[in-house]
Amino acid sequence: MGASLPNPDLDSQGGQQKKDPTTAGTEERSRSRLLHPSNPIPEMILAVLFTNTDGNILVERFHGVPAEERLHWRSFLVKLGADNLKGTKNEELLVASHKSVFVVYTILGDVCIYVVGKDEYDELALAELIFVITSSVKDVCGKPPTERLFLDHYGKICLCLDEIIWKGMLENTDKDRIRRLIRLKAPTDA
Amino acid sequence: MARPYVVKKDDDHDDEAEYSPFLGLEKGTVLQEARVFNDPQLDARRCAQVITKLLYLLNQGEAFTKVEATEVFFAVTKLFQSKDTTLRRMVYLIIKELSPSADEVIIVTSSLMKDMNSKIDMYRANAIRVLSKITDGTLLMQIERYLKQAIVDKNPVVASAALVSGIHLLQTNPEIVKRWSNEVQEGVQSRAALVQFHALALLHQIRQNDRLAVSKLVTSLTRGSVRSPLAQCLLIRYTSQVIHESSMNSQTGERPFFDYLESCLRHKAELVIFEAARAITELSSVTSRELSPAITVLQLFLSSSKPILRFAAVRTLNKVAMTHPLSVTSCNIDMESLISDQNRSIATLAITTLLKTGNESSVDRLMKQITNFMSDIADEFKIVVVEAIRSLCLKFPLKYRSLMNFLSNILREEGGFEYKKAIVDSIVILIRDIPDAKESGLFHLCEFIEDCEFTYLSTQILHFIGNEGPKTSDPSKYIRYIYNRVILENATVRASAVSTLAKFGAMVDSLKPRILVLLRRCQFDIDDEVRDRATLYLDTLGGDASVGETEKYVKDFLFGSLDVPLVNLEKSLRSYEASDMPFDIYSVPKEIKSQPLAEKKAPGRKPTGLGGPPCAPVSAVDAYEKLLSLIPEFSSFGKLFKSSTPVELSEAETEYAVNVVKHIYDGHVVFQYNCTNTIPEQLLENVTVFVDASEAEDFSEVASKPLRSLPYDSPGQTFVAFEKPYGLPATGRFSNLLKFFVKEVDPATVEAEEEGVEDEYQLEDLEIVPVDYMLKVGVSNFKNAWESMAPDNERVDEYGLGARESLAEAVCSVINILGMQPCEGTEVVPSNSRSHACLLSGIFIGNVKVLVRLSFGVDESKQVAMKLAVRSEDPNISERIHEIVAEA
């Protein structure tokens, strides 16, 4: 399915992939599914990755990315962050793309967050997604987390992610609702 | 796999608090700890901690073996006994993460089914999510009833969970999920924003192949209220799909739903604004009037403080610039400030957009900015820039000097193969298209091969210099560069250099003696091929060049093409068996086997009103031109003026499918019959079309090219050529009879019988009409073009078109009769309008530019009147256009 390899050997200034990491035939930002509705491949949030500032993995979740390609993705994203996230303000969103694969990433406290998507999950949809993620993480930790704080709340953060993304699709988008959901409380608007 | 994460013990933070709670976490230990799940007295807190550790391992990419996973999974199922909500939530998650196999699922099914019917809403929602993740088809049948109920559950979380499950299950069990459409329909009307969003997505997926249903859905929702921006985005997508499909049906009339898209541009969520703007820019044959509101909002985002929004805006505008450069020029100033954007993706997109929209006066300034920019981007981006510069140079040939300089400068810098190839290709194209650029371009290429690490590029350039160099004012200056290759390079490049030297020797008499000296030295090369080539060329060139025959032969040999398609040559060579008989190049068939052109009816892609000629037909003409030029009988006809779209001459699903393409030359017409044999048991040979031109007095047949053989399902072409009065738009009717020898084929062996039978097959008639002499060529500014044409050649007249279905239909049919290119989107008639003006442009045979202004009016009884004003470079042609309309 979906994604193929990014080239970890990327341009250090631009933080862009050199090689085409997209599948063949998705040259345009694909309305293809719109125009050829029988295509069964759903649009995907391909990956969500949390690392510390040294690039060690805290959480990684892939959707529709073959196991053998994950390592490449990981090193690609970590390098992308190492090149561009230094000096970035908390929650300032950065973007990179090549053809139809998009990466939106940011830093929150000592944690770097990356989301990767394609097709419907373009830079704008990913920006929504990362906003939900950062606000939920802040909510759980009470502030932009240090590594320790993040790890202390690891279980809850996993639950948040579980509420936000489900098998590569955006599910919940409201942090207050998510806070209640992970404690198995019905949301207030119910 | 992943490095287990350990926070380094650093001197600065040797504080205890900085240790990771997962320091030194090992899989084996955690699996041991998981035994607490089996305790009769469950410690919920401790169990939750262990699950967290398991999740941590899984999220690090740690893999559990089958046995380990099964063991943990069985242990986890015990935790359903606990009533602790935090723990229960964790249990749901870990089950999903462990993704148990089908035979294990059965263990939790009953617990989950129980939860699905629980009074606690959140148990229901989560159980649904877990079940739909781990379930298979058979289990789904059992729980379908509950899922259907859950979709209409009054708790939005439960409803959403069921709907999203539906979206996932649709991939694996479509027939089951499709049965839920009534419930999902109800969900679309839900007051909860998320439920509506999920229901809309699922409903569309269920109904996506039912155009009418999608259209109804869009119609009702665009009128009603959509609660969340996300749902709004979906709706915009579905709307543009409906617009796309409806515009396929009728090209005229008002665009449905456009008002809705435009209103979304004023939505408060950026997501929606962008979605609407993109939908508008991607409408087929969008007019500049439709584009302008979208461009305006995108322009505002160009100066946003958020990189995401700048990126999204410039990315969209970049796409628009490919088709409607003029509409984007208003953003140029904002775009220029983006060249220095920190994000290189944004900067590259800005530059390439500017290169597409810039005008001649801004080129120099732009180039200066790009030069600074080029040094710090990756090859990938540089190639995009180089390609944009190439098209810019072709657009403004007068600016070749600065653009060529730019290309040669970047050619000298570091770069990979693809990048260098893009530059070299660009220079070669510029040399071909801009004669003034030739000398400097060749010089830059010579400089480049002095220090080129890519064999492929060196040989390509040497070949090119060999063809172009001898024709320059001072060919001798290239020799040094070429001979240097013989001294310094690898064998492949040396061999190419030898061929290039020979070409100079053949073309430039004054250089020949010296070239012969150089070639003689090459005979001592260590490589066979280089020596062979040197010997061969010495022999060819060494003959008495004053004899005209020999000289021509030498040039043909060095410069001529093989004259046979390479594919066929390769095939013949492969089947050639070494024997006393030398290989005969004349035995290679010149016909191209398969039909080279995609002549399937492309979905009605209408060329846009703005800008130059439509691109798709032009490339088809190129391909036809190539095909026809391979046929010696037609080589004297001159330049191909126009090729029609294929006209079917047989009904669908008959034995032999034949269509014809009409190729118009100044003094000739060639019919290209594309034939397909649909009978597996037959092989047709010597296929011709007998054309009766008795109803086409101005035409006389001059040549016919039969098709040697037409096997089953492998299309082939036969041609018939006619002479016609030079430069005149002669018309006539032709009847066609397909003639051939038919041989029976044994389907088992696919071998044909020796004996054939002569047979014939009646085809439909074919007409040459005035439209065949009109090329659709647009003008970018109709008003200017109109005014620049002499009013003396203008002919005006009025026509009554009788009662028509609608004004739009009348406009459409007149455009079709004239076969001209509508300009500035004037082919679109707003609905309910009583009058309309339409601008057309084209080139008539003899290369006469023609412009037409049509004014239509319609009265109560649907009677349409039309005023036709024609201007052209030739008053006779203006008259002729009127005749076309009068006769139609």
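Predicted model: local features only at pLDDT ≥ 70, side-chain atom pairs only at ≥ 80, totals over all residues.
Among the contacts of chain A (heavy atoms within 4.5 Å) that link residues at least 6 apart in sequence, 55% join residues at least 24 apart. Residues are numbered from 1 along each chain as its sequence is written, chains are lettered from A in the order in which they are written, and side-chain values use heavy atoms, without hydrogens and water.

Chain A holds six helices and seven strands, taken as DSSP runs (H or I, at least four residues, for helices; E, at least two, for strands) and numbered from the N terminus, and its elements follow the order α-β-β-α-β-β-β-α-α-α-β-β-α. Of its 190 residues, 63% count as buried, where buried denotes under 20% relative accessible area, exposed over 50%, and partly exposed the range in between (1.4 Å probe, protein chains only).

In the segment that comes after α6 (175-181) of chain A lies A:Ala186, which is partly exposed at 28% relative accessibility. Apart from neighbours within four places in sequence, A:Ala186 is in contact with A:Arg180 and, in chain B, with B:Met122 and B:Asn155.

In chain B, strand β10 (residues 751-752) includes B:Glu751, and this residue is exposed, with a relative accessible area of 57%.
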